[in-house]
Amino acid sequence: MGCVFQSTEDKCMFKIDWILSSGEQAKDEYVLYYYSNLSVPIGRFQNRVQLMGDILCNDGSLLLQDVQEADQGTYTCEIRLKGESQVFKKAVVLHVLPEEPKELMVRVGEMIRMGCVFQSTEVKHVTKVEWIFSGRRAKEEIVFRYYHKLRMSVGYSQSWGHFQNRVNLVGDIFRNDGSIVLQGVRESDGGNYTCSIHLGNLVFKKTIVLHVSPEEPRKW
C-alpha cells in the first residue's frame with residue numbers, strides 16, 4: 001500500500017503511522033509506526049507488516065502479507081516531517097476477496113483448472129511462475145515454469161516430465177494470474193500442487209490438494 005510524500009523541499013520524514021479503520025462500530029487499530037529509525041508492527045499485524053518504501057525519499061509504503069478477511073478496511077498513512085507541524089495523510093481502501101478452494105476433486109480423464117492469483121497493489125511485473133507437484137510416494141516434481149524477460153517483454157513457459165503437453169497457463173500474467181489447466185488427469189496426478197508467483201522480490205505461494213477419483217465404468 002503506497003504512501004509517498006512528494007515535496008520540493010529537502011526535509012526528512014521522522015515519523016510514520018499506519019492506522020486501520022475497519023467499520024463504523026470498530027475502533028481504529030494501529031498497524032505499524034515508525035519513529036527514530038525504528039519500525040514497530042502492532043498487535044495482530046506483528047510478523048505480517050513491514051515498511052517497503054525508501055524512508056530517505058519520504059516513502060512510507062507498507063507491505064501486508066498473509067492477508068486475512070479481518071484485514072479489510074481503510075488504511076490511513078500519516079507522515080510527519082522534521083520541523084513541520086503539518087501532517088500528510090493518505091487513505092487506502094483494502095477489499096479482501098474470498099479465498100479460492102484449496103482442495104479440488106476430479107475424475108480420471110477429465111481436465112481441472114487450478115487457480116493461483118497474486119492480489120497485490122504493487123505495480124510490478126510477474127518475473128516467474130512455478131508449479132511443483134508432490135505425490136504420496138514420488139519426490140517433488142516440476143509441473144510448469146514461466147519466465148518473463150523484462151528487457152524483451154517476452155515470456156517463456158514449459159511443462160515438465162509426465163506433465164509435458166498436459167499443462168497450459170490459462171491465467172493472465174499481466175494481472176498476476178498464474179492459473180493452470182491440467183488435461184487428461186491420471187490417478188498418479190493426485191497430490192499437492194504448490195504455485196509460486198514472483199513479483200521482483202515479492203513471492204506469493206499457494207498449495208492445492210488434488211483428489212483424483214477413478215473413471216466411471218462404461219455402460220454397455
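Tutor: What follows describes the disulfides and then the nonpolar cores. This is a predicted model, in which local features need pLDDT of at least 70 and side-chain atom pairs count only at pLDDT 80 or more, while totals for chains, interfaces and linings use all residues. Residues are numbered from 1 along each chain as its sequence is written, and side-chain values use heavy atoms, with hydrogens and water left out.

A disulfide is a covalent bond between the sulfur atoms of two cysteines. Here the term is applied to a pair of cysteine sulfur atoms within 2.5 Å. The structure holds two of them.

Strands (E, at least two residues) and helices (H or I, at least four) are DSSP runs, numbered from the N terminus. The torsion about the S-S bond of C3 and C77 is about -75°, so this disulfide is left-handed. Both C3 and C77 are buried, where buried means under 20% relative accessible area, exposed over 50%, and partly exposed in between, with a 1.4 Å probe and protein chains only.

The other disulfide is formed by C116 and C195, whose sulfur atoms are 2.0 Å apart. This pair links distant parts of the chain: C116 is in the loop between β9 (112–114) and β10 (128–134), and C195 is in strand β15 (residues 191–199), 79 residues apart. With a torsion of about -80° about the S-S bond, the disulfide of C116 and C195 is left-handed. C116 is buried, at a relative accessible area of 0%, and C195 is buried, also at 0%. Counting the bonded cysteines in sequence order, the pairing is 1-2, 3-4.

A nonpolar core is a set of buried Ala, Val, Leu, Ile, Met, Phe, Trp, Tyr and Cys residues joined through side-chain atoms within 4.5 Å. The largest has 27 residues, and M114, W131, V143, L182, Y193 and I197 touch the most other members. Elements giving two or more residues to this core include β9, β10 and β15. Strand β15 gives the largest share, four residues. A second, separate core has 22 residues, among them M1, W18, L20 and V92.

Overall, the protein has zero helices and 16 strands, and 37% of its 220 residues count as buried.
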